[in-house]
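Please look through the structure below before reading my points. Keep it open and find each element as it comes up.

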Amino acid sequence: MKRKVLAMLCALVMATAALAGCGGGDKKETTAPAENKEESKAQETQGASGDVKIALITMDSVDQHWVNLNEGAQKAAQELGVEVTLLAPNMKDDAQQIECVNNAVAGKYDAIIVAANGPDAISSALKEAQSAGIKIVYVDSPANVDAEATFSTDNKAAGKIAGEEMIKALEAKSVTSGNIGIVNVNASTETAVAREEGFRSAFEGKGYTLLETQYGEGDAAKSPTIAENYITQGVVGIFGTNEGSTTGTGNAIKASSSDVIGVGFDKSDAIQNLIADGYLLCTMAQNPDVMGYEGVKAAVAAVNGESLGGKVTDTGVSVLTKETLGGGSAEGAGGSDVKASKAWKIALITMDSVDQHWVSLNEGAQAKAKELGVEVTFMAPNSKDDAQQIECVNNAVAGKYDAIIVAANGPDSITSALKEAQEAGIKIVYVDSPANLDAEATYSTDNKAAGKTAGEELLKALEEANVTSGNIGIVNINASTDSTVNREAGFREAFEGKGFTLLETQYGEGDAAKSQTIAENYITQGVVGIFGANEGATTGVGNAIKASGSEIIGVGFDKSDAILNLIEDGYLLCTMAQNPDVMGTMGVEACVRALEGEDLGGAVTDTGVSVLTK
């Protein structure tokens with residue numbers, strides 16, 4: 001009944017939409033306004049004033065990427081008590097998208113949230129919308145018209161990560177040369193062009209040849225033909241720049257039964273199944289729901305008179321692999337086929353029991369343990385202390401545990417204790433930070449790459465503030481924790497050849513209070529930026545900047561309520577959010593696999609990272 005009512009409403013308001021191919025009729029989704037004064041008043045306190053009508057115009061209505069974006073938008077619409085109508089074309093077509101914009105103007109919408117097919121095609125239509133007083137917010141892909149705000153992925157950076165993942169996989173197979181194919185949408189879609197540019201940059205100075213790009217309009221039916229042609233040319237790898245291209249690439253590799261390595265972009269059930277079945281190596285998973293959610297919030301704020309300054313916000317990306325998906329289907333980590341023949345006892349030993357990072361890791365571990373019917377005991381020390389962590393390992397041995405999942409304080413300090421555990425027949429799996437001892441498997445962040453991303457985010461913000469020189473402070477845990485040492489190395493690498501001076505690193509043992517004191521000392525030295533290498537360090541940096549009232553830019557690592565609040569309040573620029581729950585989930589699964597006799601080969605799996613900004 002609801003869909004019929006919506007269809008009638010759309011027919012009245014947007015009569016030409018169906019002819020143009022814009023989403024309308026039974027494809028329209030709206031959130032009704034408040035039904036009584038009390039509800040309306042409550043919603044107004046969240047940011048909406050009056051009946052705000054927002055048109056959401058994506059590139060098409062088919063790709064799951066846009067479906068997820070719309071879901072995020074509808075969630076925000078419901079929270080704020082506004083109406084969001086999806087006006088997506090049936091397919092990627094400039095004329096249809098222009099018609100959707102014109103229909104939004106004719107329908108007297110207050111704001112348009114749009115993912116532009118290309119930077120120029122719909123610019124004139126958007127200018128006319130602005131002239132009619134309509135606020136414009138971009139999601140995913142902007143046009144060449146100033147807007148209130150933009151919420152999108154840093155596509156060039158993400159494309160480079162895709163290239164690096166492919167190179168890593170090729171080199172693991174001892175393939176150091178060969179042709180690489182690229183399946184793109186078209187030559188004008190800014191997001192996909194930027195992804196390709198980043199992908200190509202990853203291969204600079206390598207022994208591979210990147211062939212001329214072929215375009216499939218993002219169509220999952222056209223893209224397999226292109227990928228199949230590449231395969232007949234003997235390529236060693238293929239990159240798909242969006243959901244349709246990636247699905248087509250994976251299906252072509254599947255049909256050919258070749259060992260070509262495919263990497264791609266976007267997240268859908270089809271893509272995740274292709275990864276789980278081994279036909280794609282990985283995909284760069286964006287956060288379209290975040291784009292939609294934040295896009296609606298920005299649109300409402302702009303309609304209510306708030307100036308957003310045209311700010312561009314990176315909504316982040318994660319690398320999804322077979323391992324991070326849990327080795328199963330698109331239903332996620334819970335869909336894996338691992339079985340436990342008995343109630344194995346597993347000890348989980350993290351660096352401490354306080355940081356929210358470790359709490360989240362334990363939550364992921366406990367959820368997987370419950371699913372598999374095994375026992376996981378959280379044995380974290382009270383604080384980051386080598387002696388306490390060694391004692392935890394010894395207790396696991398004495399307690400006759402079958403496996404230990406451990407995040408080592410340092411690469412050497414607990415090695416002897418872990419060796420004794422192995423000699424007692426205990427399986428070792430690393431999460432977050434390994435020790436210098438072979439283990440069954442490791443699940444961690446590519447910390448050096450993530451640290452470099454943090455440095456690049458700080459550089460970008462400094463340059464936007466016209467700051468091209470100055471001192472930068474670094475607050476780390478200690479000089480031996482492998483994960484944070486690598487983060488610092490990546491961070492410092494980002495500043496090579498730039499006009500900044502990176503001061504000597506100071507260590508706060510991951511303690512928020514100690515780290516704040518260190519950051520305050522940096523501030524008195526006149527630094528222009530500070531990097532915190534873990535949760536405690538980042539919290540300390542943000543609190544120091546808050547207390548000083550300075551305009552110093554702080555960036556950090558890990559995700560906690562305290563860090564998110566500091567970002568929201570403007571005292572931190574961003575944080576590199578890991579996936580500790582994935583580490584815990586995959587760590588438990590790896591233990592069970594190893595205990596059931598499977599050889600995991602000591603594989604190291606990158607569990608991904610996203611850049612969280614305000």
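1. Start with two helices. The axes of helix 5 and helix 6 (residues 123-131) come within 9 Å and cross at roughly 10 degrees. Angles under 35 degrees count as roughly parallel, so helix 5 and helix 6 are roughly parallel to each other. This is a predicted model, so keep that in mind throughout.

2. Which residues of helix 5 and helix 6 meet? Helix 5 brings I98, V101, N102 and V105. Helix 6 brings A125, L126 and A129. By class, the residues of this contact are six nonpolar, one polar and no charged.

3. Helix 5 (residues 94-106) lies across strand 1 and strand 3 (111-114). Helix 5 runs at about 180 degrees to strand 1.

4. Six strands form an open sheet in the order 2-1-3-4-5-12, and the pairing is parallel. Which strands stand at the edges? They are strand 2 (83-86) and strand 12 (311-314). Each has a single partner strand, so one side of each is left without a neighbour in the sheet. On average, neighbouring strands of this sheet are turned by 20 degrees against each other, direction ignored.

5. Strand 1 (residues 53-57) pairs with strand 2 in the parallel sense, over four bridges.

6. Go on to another helix pair. The axes of helix 14 (residues 386-398) and helix 15 (residues 415-423) cross at roughly 10 degrees and come within 9 Å. That makes helix 14 roughly parallel to helix 15. From helix 14, the contact uses I390, V393, N394 and V397. From helix 15, it uses A417, L418 and A421. The classes in the contact of helix 14 with helix 15 are six nonpolar, one polar and no charged residues.

7. Next, strand 11 (residues 282-285). Which way do its side chains point? C282 and M284 point one way, while T283 and A285 point the other way. All of them are buried. In a regular strand the side chains alternate between the two faces of the sheet. Strand 11 also has a parallel partner, strand 10 (residues 261-265), and the two are joined over three bridges. V263 has C282 of strand 11 as its bridge partner.

8. Compare that with strand 23 (residues 553-557). How many of its five residues are buried? Five of the five are, so to the reader's eye the strand is mostly covered. I553, V555 and F557 lie on one side, and G554 and G556 on the other. Both faces are covered. Strand 22 (residues 529-532) and strand 23 pair in the parallel sense over three bridges. The bridge partner of G529 in strand 23 is I553.

9. Finally, confidence. The mean pLDDT of the protein is 87, and 90% of its residues reach 70 or more. Two stretches need care. Over residues 24-49 the pLDDT stays under 50, and the model has 52 contacts for them beyond four places in sequence. Over residues 327-336 the pLDDT is below 50 too, with 22 contacts in the model beyond near neighbours in sequence. Where pLDDT is low, the predicted coordinates should not be read in detail.

Note on methods. Residues numbered from 1 in each chain as written. Predicted model: local features only at pLDDT ≥ 70, side-chain atom pairs only at ≥ 80, totals over all residues. Heavy atoms only, no water. Pairing = 2+ DSSP bridges. Axes fitted to C-alpha atoms, helices over the stretch in contact; angles between N-to-C directions. Contact = heavy atoms within 4.5 Å. pLDDT = per-residue confidence, 0-100. Parallel < 35°, antiparallel > 145°, perpendicular 65-115°, else oblique. Nonpolar A, V, L, I, M, F, W, Y, C, P; charged D, E, K, R; others polar. Buried < 20%, exposed > 50% of the residue type's maximum accessible area, 1.4 Å probe, protein only.
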